Structures are given as structure tokens and as C-alpha cells.
Amino acid sequence: MEISGKSKPQPVNMKVVKAIEATPESFKEYGQVIEASPDGEEFGPKDAQLNLSQGIPRFYIMKLEKRSLKFSTITHHANVTQCLGSIGGGVWYLGVAKPSIVETKENAGSDAMQSKCGHFYVPPAVDKVQVFRISGSKFIKLNFGTWHAGPLFKPETMDFYNLELSDTNVVDHTTHNFKQQDGIVFVIDD
């Protein structure tokens, strides 16, 4: 319904999602959980299986502030794996949904959208969003196209290391807004 040329805002519902601990097994559909290994151990499947071949890698420390345990947007990167971890092993949270990139719009039907980056994808479904709790000295490697919201955390500020490409957030950043599109804000229960 339109009033004076403006559309009526959609009601917003809160969806509470229980956080589960990120382990190599629980996180495998979204990427990898990388934990400490003995010095001198050779490269293998427990190491981050990275693909940074589409550009110049960027490894940096992000200072994040006021990232409460709720979110309404979720992002994916179609051209790069990404690694995130807290400095010092503090507890943090990450909302995720499985990759949904498709080769052509015809492959996905009427739900497919084209990203401003050029690729096609199907928006993540509200009921397919999972939240993980990451604690201790480990980090997360996200597969190509894994939807992610966060890092989120309880303290006022936290530092995180991030490995992606130097231009990931400029040329490979697709966001879905659940609040605008679905009337949903996710709240993390821990």
C-alpha cells in the first residue's frame, strides 16, 4: 500500500538462532575450522584450502566495534576464499548460509538474481541461516560464495585478522538484506 508516494514499511520479525560451536565437522558445509597443529607438520587437509588466485592477497587486522549479537544483512564473495580469526582467541560469532551461486539465471529459475559484481545467485533462505560460535585459538576459512554475517561479539571492541584479496570488498561483495527483503532480523542465542 502506498501513502503519499512512499511504501508502507514491512513489519520486522526477530528470528532467534541458537549458536553452535564451530568444529571441523559442524562447519564443513561452509568452509573449514582451522586449529593448531604441531610445528613441522606437512601441508594436508586440516590446513586452510585457499584460493587467492584472482588477485593480490590482503592479510590485515580489522578493529571492529559494537558488533552485537544480531544481524539483518549477509554477504558473500564469489571469487575468493576468506579467512577470519580473532586476535587472542576471544569468543565471536558468525552467521552463515550455504553458497548459492549459479552459472546462469536459467539454472536457478525465477529466484535467481544478478550481483552488481556480475555473477548470478539465489538469495539465502531465512530458514537455512546457521550461527556458529568460534572460541579459542582457531580460525574460519570460508568457501567461495558462503554467505556470512559477522564477526559479531559481546565485548565493545575486538581485533580480527582477515585474509582475502586486496579488492574483495570493492569488486566481489554481494549483500542480501533480510530486513528489507524478508522482514527478518536474526538474534543470536548463546
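## The largest pocket

In this predicted model, 21 residues line the largest pocket, and those nearest its centre are Arg67, His148, Gly150, Pro151 and His173. The space within this pocket amounts to about 340 Å³.

Several strands contribute to the lining of the largest pocket. At least two residues each come from β5 (57-65), β7 (73-76), β8 (82-86), β15 (147-152) and β16 (157-165). Of the elements that supply the lining, β15 gives the most, with five residues. By residue class, the lining of the largest pocket holds ten polar, nine nonpolar and two charged residues.

## The second largest pocket

The volume of the second largest pocket is about 260 Å³. Its lining consists of Pro24, Gln32, Val33, Ile34, Glu35, Ala36, Ser37, Glu41, Pro45, Lys46 and Asp47. In the lining of this second pocket, five residues are nonpolar, four are charged and two are polar.

## Aromatic pairs

A pair of aromatic rings is described by two quantities, the distance of the centres and the angle of the planes. The model contains ten aromatic pairs. One of them joins Phe27 and Phe132: the ring centres are 4.9 Å apart and the planes stand at 80°. Planes over 60 degrees apart count as edge-to-face, and the pair of Phe27 and Phe132 is therefore assigned to that class.

Phe27 and Phe132 are both buried. Together with Tyr30, these two residues form one aromatic cluster.

## A charge over a ring

An arrangement of another kind involves Arg58 and Tyr60. The charged end of Arg58 sits over the ring of Tyr60, at 3.6 Å from the ring centre.

Where in the fold does Thr174 lie? Thr174 is part of strand β17, which covers residues 174-177. Is Thr174 buried or exposed? The relative accessibility of Thr174 is 4%. Buried means under 20% relative accessible area, so Thr174 counts as buried.

The side chain of Thr174 also takes part in a polar contact, and its partner is the side chain of Ser115, at 2.6 Å.

How values were computed. Residues numbered from 1 in each chain as written. Predicted model: local features only at pLDDT ≥ 70, side-chain atom pairs only at ≥ 80, totals over all residues. Heavy atoms only, no water. 1 Å grid on protein atoms, 1.4 Å probe; cavity = no way out; pocket = protein on both sides within 12 Å on 5 of 7 lines; lining within 4 Å. Points joined across faces, edges and corners; volume = space filled by probe spheres on them. Helix = DSSP H or I, 4+ residues; strand = E, 2+ residues; numbered from the N terminus. Nonpolar A, V, L, I, M, F, W, Y, C, P; charged D, E, K, R; others polar. Phe/Tyr/Trp six-rings, centres within 6.5 Å; stacked < 30°, edge-to-face > 60°. Buried < 20%, exposed > 50% of the residue type's maximum accessible area, 1.4 Å probe, protein only. Lys NZ or Arg CZ within 6 Å of the ring centre and 35° of its normal. Polar contact = N/O pair within 3.5 Å; in protein donor to acceptor, adjacent residues only side chain to side chain.
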